[in-house]
Amino acid sequence: MLMNKRNIFRRSLGFVARKFRIFQEVWLIPLWGDGRIASVPLWALDTAVLVVKLWSAGLSAVFKVLIPPAMRSLHGETVLITGAGGGIGRELALQFAELGATVICWDSDSRRNNAVVDEIRSKDGDCYGFTVDVTARHQVLAMATRMRCQLVDVSMVVSNAGALAYGPLLHLKPETVAKLIEVNFMAHFWVIQAFLPSMIERRCGHIVAVNSSAGLGPRPDCVTYSATKHGLRGLMDSISEELRLNTWTKDIHTTSVYLSSVSTGLYPPPSHRFTSLYSEITPKDAARIIIEGVRKNHKCICVPKLLKILNDLNNLLPHRIRIIFTDFFNFRHRAWFCYC
(Lines give C-alpha, C1' and ligand atoms only; values in the text may rest on other atoms or scores of the structure.)
Protein backbone atom coordinates (compact mmCIF):
# COMPACT_ATOMS: atom_id res chain seq x y z
CA MET A 1 0.00 0.00 0.00
CA LEU A 2 2.81 2.42 0.91
CA MET A 3 4.60 1.58 -2.33
CA ASN A 4 1.44 2.29 -4.37
CA LYS A 5 0.96 5.67 -2.67
CA ARG A 6 4.61 6.53 -3.31
CA ASN A 7 4.28 5.65 -7.00
CA ILE A 8 1.09 7.71 -7.31
CA PHE A 9 2.86 10.68 -5.71
CA ARG A 10 5.81 10.36 -8.12
CA ARG A 11 3.56 10.09 -11.15
CA SER A 12 1.64 13.16 -9.99
CA LEU A 13 4.85 15.17 -9.67
CA GLY A 14 5.91 14.02 -13.12
CA PHE A 15 2.53 15.03 -14.56
CA VAL A 16 2.75 18.52 -13.01
CA ALA A 17 6.33 18.98 -14.23
CA ARG A 18 5.37 18.02 -17.80
CA LYS A 19 2.38 20.37 -17.79
CA PHE A 20 4.54 23.23 -16.53
CA ARG A 21 7.11 22.58 -19.27
CA ILE A 22 4.33 22.69 -21.89
CA PHE A 23 3.02 25.93 -20.36
CA GLN A 24 6.50 27.42 -20.51
CA GLU A 25 7.08 26.42 -24.14
CA VAL A 26 3.60 27.39 -25.39
CA TRP A 27 2.97 30.61 -23.42
CA LEU A 28 6.00 32.00 -21.58
CA ILE A 29 8.69 31.78 -24.24
CA PRO A 30 6.52 33.10 -27.13
CA LEU A 31 5.19 35.91 -24.90
CA TRP A 32 8.45 37.02 -23.25
CA GLY A 33 11.09 35.42 -25.41
CA ASP A 34 13.76 33.02 -24.22
CA GLY A 35 15.67 35.62 -22.20
CA ARG A 36 15.86 36.23 -18.48
CA ILE A 37 12.21 37.18 -18.03
CA ALA A 38 10.96 33.84 -19.36
CA SER A 39 13.23 31.98 -16.96
CA VAL A 40 11.90 33.75 -13.85
CA PRO A 41 8.95 31.35 -13.25
CA LEU A 42 11.23 28.34 -13.70
CA TRP A 43 13.79 29.79 -11.28
CA ALA A 44 11.02 30.43 -8.76
CA LEU A 45 9.73 26.87 -9.10
CA ASP A 46 13.21 25.34 -8.84
CA THR A 47 13.96 27.44 -5.75
CA ALA A 48 10.72 26.35 -4.10
CA VAL A 49 11.52 22.71 -4.87
CA LEU A 50 15.02 23.19 -3.44
CA VAL A 51 13.65 24.57 -0.16
CA VAL A 52 11.09 21.78 0.12
CA LYS A 53 13.74 19.12 -0.53
CA LEU A 54 16.14 20.60 2.04
CA TRP A 55 13.44 20.73 4.70
CA SER A 56 12.25 17.20 3.94
CA ALA A 57 15.83 15.88 4.02
CA GLY A 58 16.42 17.53 7.41
CA LEU A 59 13.16 16.23 8.86
CA SER A 60 13.85 12.77 7.47
CA ALA A 61 17.31 12.73 9.07
CA VAL A 62 15.87 13.75 12.46
CA PHE A 63 13.11 11.17 12.13
CA LYS A 64 15.63 8.40 11.36
CA VAL A 65 17.68 9.33 14.42
CA LEU A 66 14.63 9.27 16.71
CA ILE A 67 13.07 6.21 15.06
CA PRO A 68 15.72 4.08 13.30
CA PRO A 69 14.43 2.35 10.15
CA ALA A 70 13.46 -1.29 10.58
CA MET A 71 15.64 -3.83 8.81
CA ARG A 72 13.83 -5.50 5.94
CA SER A 73 13.25 -9.23 5.91
CA LEU A 74 15.34 -11.38 3.60
CA HIS A 75 12.83 -14.23 3.35
CA GLY A 76 12.00 -14.78 -0.29
CA GLU A 77 15.09 -12.90 -1.50
CA THR A 78 17.46 -14.57 -3.97
CA VAL A 79 20.99 -13.34 -3.31
CA LEU A 80 23.84 -13.91 -5.76
CA ILE A 81 27.34 -13.64 -4.24
CA THR A 82 30.47 -13.66 -6.39
CA GLY A 83 33.71 -14.83 -4.82
CA ALA A 84 31.70 -16.89 -2.33
CA GLY A 85 34.36 -19.55 -1.85
CA GLY A 86 36.21 -17.85 0.98
CA GLY A 87 36.78 -14.77 3.12
CA ILE A 88 34.04 -12.16 3.18
CA GLY A 89 32.08 -13.90 0.41
CA ARG A 90 31.84 -17.14 2.38
CA GLU A 91 30.62 -15.38 5.52
CA LEU A 92 28.09 -13.36 3.55
CA ALA A 93 26.70 -16.55 1.98
CA LEU A 94 26.38 -18.27 5.36
CA GLN A 95 24.71 -15.33 7.08
CA PHE A 96 22.34 -14.52 4.21
CA ALA A 97 21.22 -18.17 4.25
CA GLU A 98 20.68 -18.06 8.03
CA LEU A 99 18.34 -15.10 7.52
CA GLY A 100 16.14 -17.05 5.11
CA ALA A 101 17.46 -15.94 1.73
CA THR A 102 18.10 -18.29 -1.17
CA VAL A 103 21.83 -17.98 -1.83
CA ILE A 104 23.57 -18.52 -5.16
CA CYS A 105 27.33 -18.88 -4.87
CA TRP A 106 29.67 -18.02 -7.73
CA ASP A 107 33.38 -18.71 -7.54
CA SER A 108 36.14 -19.73 -9.91
CA ASP A 109 37.34 -22.36 -7.41
CA SER A 110 34.77 -25.17 -7.60
CA ARG A 111 36.13 -27.05 -4.58
CA ARG A 112 35.86 -24.12 -2.18
CA ASN A 113 32.54 -23.04 -3.68
CA ASN A 114 31.01 -26.50 -3.28
CA ALA A 115 32.21 -26.63 0.33
CA VAL A 116 30.26 -23.45 1.11
CA VAL A 117 27.15 -24.80 -0.65
CA ASP A 118 27.36 -28.09 1.28
CA GLU A 119 27.79 -26.23 4.58
CA ILE A 120 24.68 -24.12 3.95
CA ARG A 121 22.62 -27.12 2.88
CA SER A 122 23.73 -29.07 5.97
CA LYS A 123 22.00 -26.34 7.99
CA ASP A 124 18.81 -26.67 5.91
CA GLY A 125 19.58 -23.53 3.92
CA ASP A 126 18.55 -23.04 0.30
CA CYS A 127 21.72 -22.69 -1.76
CA TYR A 128 23.07 -23.30 -5.27
CA GLY A 129 26.64 -23.16 -6.49
CA PHE A 130 28.14 -22.46 -9.91
CA THR A 131 31.73 -22.31 -11.08
CA VAL A 132 32.05 -19.02 -12.96
CA ASP A 133 34.99 -16.86 -14.01
CA VAL A 134 33.52 -13.38 -13.54
CA THR A 135 36.23 -11.84 -15.73
CA ALA A 136 34.82 -13.73 -18.73
CA ARG A 137 31.85 -11.73 -19.95
CA HIS A 138 30.39 -14.56 -22.03
CA GLN A 139 30.42 -16.89 -19.02
CA VAL A 140 28.67 -14.32 -16.82
CA LEU A 141 25.95 -13.58 -19.38
CA ALA A 142 25.38 -17.26 -20.21
CA MET A 143 25.11 -18.24 -16.54
CA ALA A 144 22.77 -15.34 -15.78
CA THR A 145 20.47 -16.42 -18.63
CA ARG A 146 20.58 -20.04 -17.47
CA MET A 147 19.73 -19.11 -13.90
CA ARG A 148 16.84 -16.92 -14.98
CA CYS A 149 15.36 -19.75 -17.07
CA GLN A 150 15.99 -22.65 -14.68
CA LEU A 151 15.85 -21.04 -11.21
CA VAL A 152 14.41 -17.66 -10.23
CA ASP A 153 15.19 -14.03 -10.81
CA VAL A 154 18.02 -12.70 -8.67
CA SER A 155 16.73 -9.93 -6.40
CA MET A 156 20.11 -8.97 -4.93
CA VAL A 157 23.61 -9.10 -6.43
CA VAL A 158 26.64 -8.93 -4.13
CA SER A 159 29.62 -8.35 -6.40
CA ASN A 160 32.39 -9.40 -4.04
CA ALA A 161 35.09 -11.14 -6.11
CA GLY A 162 38.46 -9.41 -5.93
CA ALA A 163 42.20 -9.83 -6.20
CA LEU A 164 45.19 -8.13 -4.58
CA ALA A 165 48.83 -7.58 -5.52
CA TYR A 166 51.36 -5.48 -3.65
CA GLY A 167 54.41 -3.75 -5.03
CA PRO A 168 55.49 -0.48 -6.70
CA LEU A 169 53.86 0.09 -10.06
CA LEU A 170 57.10 -0.33 -12.02
CA HIS A 171 57.76 -3.68 -10.34
CA LEU A 172 54.44 -5.28 -11.31
CA LYS A 173 54.29 -7.53 -14.35
CA PRO A 174 51.91 -6.47 -17.15
CA GLU A 175 49.84 -9.64 -16.74
CA THR A 176 49.43 -8.89 -13.01
CA VAL A 177 48.18 -5.38 -13.79
CA ALA A 178 45.76 -6.72 -16.40
CA LYS A 179 44.46 -9.37 -14.00
CA LEU A 180 43.79 -6.85 -11.26
CA ILE A 181 41.86 -4.61 -13.66
CA GLU A 182 39.81 -7.54 -14.94
CA VAL A 183 38.90 -8.92 -11.49
CA ASN A 184 38.55 -5.73 -9.45
CA PHE A 185 36.92 -3.52 -12.08
CA MET A 186 35.73 -5.11 -15.33
CA ALA A 187 34.11 -8.11 -13.61
CA HIS A 188 31.76 -5.76 -11.75
CA PHE A 189 30.63 -4.33 -15.11
CA TRP A 190 29.82 -7.79 -16.48
CA VAL A 191 27.92 -8.92 -13.37
CA ILE A 192 25.86 -5.72 -13.13
CA GLN A 193 25.09 -5.69 -16.86
CA ALA A 194 23.93 -9.31 -16.64
CA PHE A 195 21.41 -8.82 -13.82
CA LEU A 196 20.35 -5.16 -13.95
CA PRO A 197 17.97 -5.59 -16.95
CA SER A 198 15.80 -8.11 -15.08
CA MET A 199 15.73 -5.81 -12.04
CA ILE A 200 14.56 -2.95 -14.27
CA GLU A 201 11.81 -5.17 -15.68
CA ARG A 202 10.63 -6.02 -12.16
CA ARG A 203 11.28 -2.44 -10.96
CA CYS A 204 13.04 -3.65 -7.83
CA GLY A 205 16.40 -5.09 -6.81
CA HIS A 206 19.59 -4.38 -4.94
CA ILE A 207 23.18 -4.15 -6.19
CA VAL A 208 25.97 -4.41 -3.61
CA ALA A 209 29.62 -3.88 -4.56
CA VAL A 210 32.31 -4.83 -2.05
CA ASN A 211 35.08 -2.24 -2.35
CA SER A 212 38.12 -1.35 -0.27
CA SER A 213 39.43 1.61 1.69
CA ALA A 214 41.93 1.84 -1.18
CA GLY A 215 39.01 3.20 -3.22
CA LEU A 216 38.71 6.19 -0.89
CA GLY A 217 42.32 7.39 -0.88
CA PRO A 218 45.76 6.80 -2.36
CA ARG A 219 47.77 3.72 -1.38
CA PRO A 220 51.56 3.61 -1.90
CA ASP A 221 52.94 0.30 -3.20
CA CYS A 222 49.39 -0.57 -4.17
CA VAL A 223 48.83 1.69 -7.17
CA THR A 224 47.03 -0.69 -9.53
CA TYR A 225 44.82 -2.11 -6.79
CA SER A 226 43.91 1.38 -5.59
CA ALA A 227 43.17 2.53 -9.14
CA THR A 228 40.76 -0.35 -9.74
CA LYS A 229 38.98 0.34 -6.46
CA HIS A 230 38.65 4.03 -7.32
CA GLY A 231 37.15 2.92 -10.63
CA LEU A 232 34.66 0.68 -8.84
CA ARG A 233 33.68 3.61 -6.63
CA GLY A 234 33.00 5.75 -9.70
CA LEU A 235 31.03 2.93 -11.30
CA MET A 236 28.72 2.50 -8.31
CA ASP A 237 28.26 6.24 -7.74
CA SER A 238 27.37 6.77 -11.40
CA ILE A 239 24.97 3.81 -11.51
CA SER A 240 23.28 5.07 -8.34
CA GLU A 241 22.75 8.48 -9.92
CA GLU A 242 21.51 6.94 -13.17
CA LEU A 243 18.96 4.82 -11.32
CA ARG A 244 17.88 7.75 -9.12
CA LEU A 245 17.05 9.96 -12.10
CA ASN A 246 14.86 7.31 -13.74
CA THR A 247 11.38 7.03 -12.23
CA TRP A 248 11.17 3.38 -13.24
CA THR A 249 14.31 2.40 -11.32
CA LYS A 250 13.93 4.35 -8.08
CA ASP A 251 13.27 1.12 -6.16
CA ILE A 252 16.52 -0.50 -7.31
CA HIS A 253 18.91 0.15 -4.44
CA THR A 254 22.70 0.29 -4.53
CA THR A 255 25.22 -0.16 -1.73
CA SER A 256 28.97 0.39 -1.80
CA VAL A 257 30.98 -1.40 0.90
CA TYR A 258 34.43 -0.13 1.86
CA LEU A 259 36.54 -2.63 3.78
CA SER A 260 39.69 -1.96 5.75
CA SER A 261 41.74 -4.19 8.04
CA VAL A 262 39.66 -7.35 7.73
CA SER A 263 41.58 -10.49 8.72
CA THR A 264 41.04 -12.47 5.52
CA GLY A 265 44.71 -13.29 5.04
CA LEU A 266 44.96 -11.15 1.89
CA TYR A 267 46.04 -7.98 3.64
CA PRO A 268 49.01 -7.34 5.93
CA PRO A 269 48.16 -6.54 9.57
CA PRO A 270 47.58 -2.84 10.30
CA SER A 271 50.70 -0.88 11.17
CA HIS A 272 49.30 2.56 11.89
CA ARG A 273 49.38 4.51 15.13
CA PHE A 274 45.83 3.81 16.39
CA THR A 275 45.46 0.05 16.07
CA SER A 276 43.46 -0.08 19.32
CA LEU A 277 40.71 2.08 17.74
CA TYR A 278 41.10 0.98 14.14
CA SER A 279 42.19 -2.64 14.26
CA GLU A 280 41.43 -5.79 12.29
CA ILE A 281 38.03 -7.42 12.53
CA THR A 282 37.03 -10.92 11.52
CA PRO A 283 35.25 -11.70 8.23
CA LYS A 284 32.27 -12.89 10.26
CA ASP A 285 31.89 -9.52 11.99
CA ALA A 286 32.46 -7.67 8.73
CA ALA A 287 29.73 -9.71 7.00
CA ARG A 288 27.33 -9.01 9.86
CA ILE A 289 27.90 -5.24 9.52
CA ILE A 290 27.47 -5.41 5.74
CA ILE A 291 24.19 -7.36 5.90
CA GLU A 292 22.82 -5.04 8.57
CA GLY A 293 23.53 -2.04 6.36
CA VAL A 294 22.09 -3.73 3.27
CA ARG A 295 18.88 -4.55 5.13
CA LYS A 296 18.59 -0.84 5.97
CA ASN A 297 19.26 0.16 2.32
CA HIS A 298 22.36 2.16 3.21
CA LYS A 299 24.15 3.68 0.22
CA CYS A 300 27.56 3.41 1.84
CA ILE A 301 28.87 0.96 4.42
CA CYS A 302 32.33 1.32 5.93
CA VAL A 303 34.04 -1.47 7.87
CA PRO A 304 35.06 -0.42 10.46
CA LYS A 305 32.55 2.41 10.85
CA LEU A 306 35.30 4.80 11.94
CA LEU A 307 36.59 4.68 8.35
CA LYS A 308 33.69 6.82 7.09
CA ILE A 309 34.28 9.52 9.71
CA LEU A 310 38.00 9.66 8.92
CA ASN A 311 37.33 9.79 5.19
CA ASP A 312 34.75 12.60 5.52
CA LEU A 313 37.15 14.65 7.62
CA ASN A 314 39.99 13.93 5.22
CA ASN A 315 37.99 15.24 2.25
CA LEU A 316 37.54 18.61 3.99
CA LEU A 317 41.27 19.20 4.37
CA PRO A 318 43.65 20.86 1.88
CA HIS A 319 46.09 18.49 0.22
CA ARG A 320 49.14 19.54 2.23
CA ILE A 321 47.35 19.26 5.60
CA ARG A 322 45.92 15.93 4.48
CA ILE A 323 49.30 14.34 3.82
CA ILE A 324 50.71 15.72 7.07
CA PHE A 325 47.98 13.92 9.03
CA THR A 326 48.44 10.82 6.87
CA ASP A 327 52.13 10.69 7.76
CA PHE A 328 51.26 11.07 11.43
CA PHE A 329 48.63 8.31 11.19
CA ASN A 330 50.98 5.89 9.40
CA PHE A 331 53.87 6.55 11.74
CA ARG A 332 55.86 3.44 10.78
CA HIS A 333 56.42 4.84 7.30
CA ARG A 334 58.68 7.44 8.95
CA ALA A 335 57.82 10.02 6.28
CA TRP A 336 59.31 12.95 8.20
CA PHE A 337 61.40 13.88 5.19
CA CYS A 338 58.46 13.62 2.75
CA TYR A 339 56.95 17.09 2.84
CA CYS A 340 55.53 19.18 0.06
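This is a predicted model: local features need pLDDT of at least 70, side-chain atom pairs count only at pLDDT 80 or more; totals for chains, interfaces and linings use all residues.
**Helix 6 and its end**

Let's start with helix 6, which covers residues 174-202.

Next, a look at the surface. A nonpolar patch there is formed by V62, F63, V65, L66 and I67, and together these residues have about 550 Å² of accessible area. V65 belongs to helix 2, residues 36-66. Is V65 buried or exposed? Its relative accessibility is 67%, and the cut-off for exposed is over 50%, so V65 counts as exposed.

P218 sits in the loop that links strand 5 (205-212) with helix 7 (223-244). P218 is exposed too, at 72% relative accessible area. Leaving out residues up to four places away in sequence, P218 touches S226 and H230. P218 and H230 are 12 residues apart in sequence, with 9.1 Å between their C-alpha atoms.

**A buried glutamine**

Q95 is part of helix 3, residues 87-98. With a relative accessible area of 13%, Q95 falls under the 20% cut-off and is therefore buried. Which residues is Q95 in contact with, leaving aside neighbours within four places in sequence? They are K284, A287, R288 and I291.

**Salt bridges**

Side chains of opposite charge can pair when their charged atoms come close. In this model the count comes to 10 salt bridges. Here are some of them, with their N to O distances.

| Salt bridge | N to O distance |
|---|---|
| R112 and D109 | 3.7 Å |
| E119 and K123 | 3.8 Å |
| K296 and E292 | 3.6 Å |

How accessible are the partners? R112 is partly exposed at 36% relative accessible area, and D109 is partly exposed at 27%. E119, which pairs with K123, is partly exposed as well, at 24%. For the pair of K296 and E292, K296 is partly exposed with 27%, and E292 is partly exposed with 29%. Elsewhere, salt bridges with shared partners join R90, E91, E119 and K123 into one network.

Definitions and conventions:
Residues are numbered from 1 along each chain as its sequence is written. Side-chain values use heavy atoms; hydrogens and water are left out. Helices (H or I, at least four residues) and strands (E, at least two) are DSSP runs, numbered from the N terminus. The expected span of a helix is 1.5 Å times one less than its number of residues. Patches are made of residues with over 30% relative accessible area and no salt bridge: like charges are joined within 9 Å, nonpolar side chains (Val, Leu, Ile, Met, Phe, Trp, Tyr) within 5 Å. Accessible areas come from the Shrake-Rupley method with a 1.4 Å probe; for residues, only the protein chains shown count as cover. A salt bridge is a side-chain nitrogen of Lys or Arg within 4 Å of a carboxyl oxygen of Asp or Glu. Buried means under 20% relative accessible area, exposed over 50%, partly exposed in between (1.4 Å probe, protein chains only). Contact means heavy atoms within 4.5 Å.
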